Amino acid sequence: MSYTVAVRALCEFTARAGDLDLRFTPAPSALEGMAGHSLVQSRRGKDYETEISLAGEYGDLRVRGRADGFDPQAGQLEEIKTYRGQIEGVRAHHRALHWAQARIYAHLLCQARGLQRLRVALVYFNVGNSEETVLVQEEDAATLRAFFEQQCALFLDWARSEAAHRAAREAALAALRFPMQGFRAGQRELAVAVYRVARAQQGGQCLMAQAPTGIGKTLGTIFPMLKAMPDQGLDRLFFLTAKGTGHGLALQALASVNRQIAEQHQPPPQEPAAPQPLPSPPAPPARLRVLAILARDKACEHPDKACHGDSCPLARGFFDRLPAARAAALQQAPWDPPAVRALALAHDICPYYLAQELVRWSDVVVADYHYFYDSAAMLYALTQAQQWKVGVLVDEAHNLLERARRMYTAELSQFALAAARKSATGAVRKALDRLSRSWSALNREQTASYQAHEEVPAGLLGAVQRAVAAIADANADSPMLPGDPVLDFYWEALQFMALAEQFGGHALFDVHLLPGRSGPRRAPASTLCIRCVVPAPHLAARHAAAHASVLFSGTLSPPHFYRDILGLPEGTHWLEADSPFQADQLDVQVAGHISTRYRDRDRSLRPIADLVAAQYARRPGNYLCFFSSFDYLQRVAECLQRAHPDLPVWLQTPSMDEEGRAAFLARFTEAGQGVGFAVLGGAFSEGVDLPGERLIGAFVATLGLPQVNPVNEEMKRAMDRQFGADKGYDYSYLYPGLRKVVQAAGRVIRSERDRGVVFLIDDRYRRGEVQALLPRWWRVEGMR
């Protein structure tokens with residue numbers, strides 16, 4: 001069984017040593033790196049060779065790559081690396097990696113051309129001043145060959161182990177049976193659709209699946225994607241969630257798959273026979289390596305320390321102790337956060353970065369959306385660098401819209417600029433002063449408190465770029481510490497600049513004038529925002545990078561809206577799975593005699609209170625009542641308590657912490673009675689499971705439409721320009737609003753045994769275009 005590895009991947013596995021060191025040093029951009037390589041190569045003589053393809057074997061391992069350059073006259077092979085600032089800023093573990101790469105390429109060149117000696121050079125090119133630092137070592141072919149064989153031997157045992165694991169995994173998945181007694185209603189339909197997309201020969205296939213609560217969406221998507229892995233040669237499965245709480249269901253489903261694999265591996269019982277010589281022990285079952293990645297702020301053991309060996313003891317010697325921790329990981333399961341933490345601490349290394357290393361050796365990764373969809377997404381970067389063939393499952397995919405908008409939005413505050421200017425000196429202070437003047441001039445031209453622009457003003461953007469460059473140059477010479485106002489502003493400005501370079505009709509540039517005055521001529525201060533309206537251009541490349549992507553949720557209607565706004569390809573498949581619920585389980589009533597429009601709020605208070613009290617009198621039990629704002633919630637609650645003082649009521653509050661949320665939900669017991677008041681789109685309208693008698697009804701006193709304000713109106717106009725003048729209102733207001741309504745109402749019916757009632761309170765629920773967006777299994781009636 002042969003195994004092929006790139007030179008860089010080989011060296012990353014075998015040659016990194018020393019501390020984990022994440023102290024900020026400004027790195028060249030990809031374009032600056034390519035330009036630096038080209039400039040160095042252009043400075044060499046006419047016989048200089050560039051981008052030399054090389055390959056070699058060690059046993060059944062094949063190593064391949066491209067050497068940056070070779071000067072045949074000097075007998076010198078060169079590995080070119082670009083950097084910014086001082087050469088001392090190139091960390092020790094990076095240098096060790098660079099030398100290893102250079103020596104591997106040197107051996108491959110000696111082998112290819114029959115060379116007996118070679119000068120091996122690391123060429124460090126400073127993109128700031130175009131200076132080269134050349135480090136040279138004279139090496140003979142025998143020494144280089146020994147180094148090559150040593151690295152290959154270190155990797156080969158692991159590679160053979162990985163190949164054996166892959167073969168066993170694929171055999172186990174090919175034989176895998178569904179780990180439950182049978183499919184639920186709608187679950188088989190979902191599983192078949194996922195399997196077909198995953199089995200497609202052409203990559204970049206996408207499926208949108210609207211599947212209601214109760215059919216087992218998690219296992220119904222994971223199982224068919226795993227079944228498709230052997231035939232399609234998928235390397236990894238990524239299960240992505242909007243919240244860390246979504247990890248639990250995925251890990252439970254994957255644990256059931258691993259149990260099924262273990263049961264299938266056990267040999268059937270046999271009749272007693274004559275004694276025979278003891279056979280060799282059977283190979284261990286090919287369990288799936290399932291890794292769950294915890295957020296950095298939750299995984300960090302020393303939040304008061306910086307991520308480098310001089311500060312954090314778990315960063316000191318990280319790469320020296322990593323091989324032993326990595327080997328130990330293969331002998332245990334699962335790779336959930338508690339297990340990874342225990343393993344990391346047993347080897348005195350950082351749990352968060354151990355988890356990142358284990359991504360390379362996992363079969364399934366459970367993580368947050370941003371690990372694949374963000375601009376600096378680790379899973380996406382590894383997929384590209386390692387050329388993995390991956391399947392992607394996106395849980396509760398309706399959340400991806402708002403999450404992606406936040407990923408690709410950047411805001412700059414003039415107060416943050418003022419704080420940076422206050423602590424800056426020299427060239428940085430001058431650059432920030434110029435930016436401040438340009439910014440204040442833009443403010444003076446603005447006549448309203450909020451204004452959107454068709455593009456980022458060139459003068460302002462140039463000032464931001466110059467400030468970023470000045471801070472980068474200064475930090476290269478004298479690194480700034482975390483918490484420095486200049487460094488904080490730099491990160492924000494860097495993101496702003498990156499999005500400005502990709503600015504188009506999918507985004508807005510807007511300016512908010514802030515209360516108070518500052519700057520030259522007492523000009524008003526403001527915030528600048530590049531606001532992502534349609535994340536499609538950013539997400540499209542992520543969908544294309546996966547072999548198959550499945551986005552599933554209980555609320556993905558209408559499909560054309562999510563396809564357009566999330567950048568899914570035209571050929572995206574659509575499935576609306578059958579519900580396991582029957583219409584007679586849920587009594588859906590439209591209270592069309594009440595208007596919840598802002599102008600009608602005062603007149604709606606008593607009718608809503610009376611409606612809630614009348615339903616409670618008919619069937620006492622636990623109810624949730626949802627409103628568009630905390631103010632509206634409070635006013636109805638006060639009215640209810642005045643008119644019906646005996647009815648138990650508890651309220652969500654704006655500053656409710658985790659303990660308060662737990663106490664709110666604890667009131668919903670099987671024997672409990674009362675009404676919980678909550679805001680639509682908040683913590684209690686989604687992801688809350690209150691089966692049986694814990695919740696028997698809900699009142700939704702709003703259409704859920706986003707507030708009409710200058711920002712939302714500009715987003716509506718941007719939608720009009722992107723998708724047509726007839727779609728702006730629907731895309732900006734109606735579809736997002738009704739999605740929240742359906743999610744909130746979905747708290748009532750959680751299983752085939754549940755019975756309940758939902759009141760949709762507003763006259764607009766009578767409209768056909770509104771009812772068309774409600775679940776098709778609902779039977780909606782006007783109030784009797």
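Mentor: Helices here are DSSP runs of H or I with at least four residues, strands are E runs of at least two, and both are numbered from the N terminus. Bear in mind that the model is predicted, so local features need pLDDT of at least 70 and side-chain atom pairs count only at pLDDT 80 or more, while totals for chains, interfaces and linings use all residues. Numbering starts from 1 along each chain as its sequence is written, and side-chain values use heavy atoms, without hydrogens and water.

Trainee: Got it. Where do R606 and D610 lie?

Mentor: Both belong to helix α21, which covers residues 601-618. They sit four residues apart, about one turn of the helix.

Trainee: And how far apart are the closest N and O atoms of R606 and D610?

Mentor: They are 2.8 Å apart, and the pair forms a salt bridge (a side-chain nitrogen of Lys or Arg within 4 Å of a carboxyl oxygen of Asp or Glu).

Trainee: Which residues do salt bridges with shared partners join into one network?

Mentor: That network is made of R166, R169, E170, D235 and D363.

Trainee: How many salt bridges does a search of the whole structure find?

Mentor: It finds 41. One to look at is R405 with E402, where the closest N and O atoms are 2.7 Å apart. Helix α14, residues 400-407, holds both partners, three residues apart, which is about one turn of the helix.

Trainee: Is R405 buried or exposed?

Mentor: R405 has a relative accessible area of 10%, so it counts as buried.

Trainee: What about K46 and D47, what do their side chains do?

Mentor: They meet in a salt bridge too, with an N to O distance of 3.5 Å. K46 is exposed, since its relative accessibility is 78%, whereas D47 is partly exposed at 35%.

Trainee: Switching topic to cysteines. How many disulfides does the search find?

Mentor: The search of the whole structure finds zero, a disulfide being a pair of cysteine sulfur atoms within 2.5 Å. Take C152: the nearest cysteine sulfur is that of C11, 9.1 Å away. C152 is also buried, because its relative accessibility is 0%.

Trainee: How far is the sulfur of C625 from the closest cysteine sulfur?

Mentor: That distance is 12 Å, to the sulfur of C639, so the two are too far apart for a bond. C625 is buried as well, with a relative accessible area of 0%.

Trainee: One more place: where does I594 lie?

Mentor: I594 is in the loop between strand β18 (586-591) and helix α21, the helix that also holds R606 and D610.

Technical notes:
Buried < 20%, exposed > 50% of the residue type's maximum accessible area, 1.4 Å probe, protein only.
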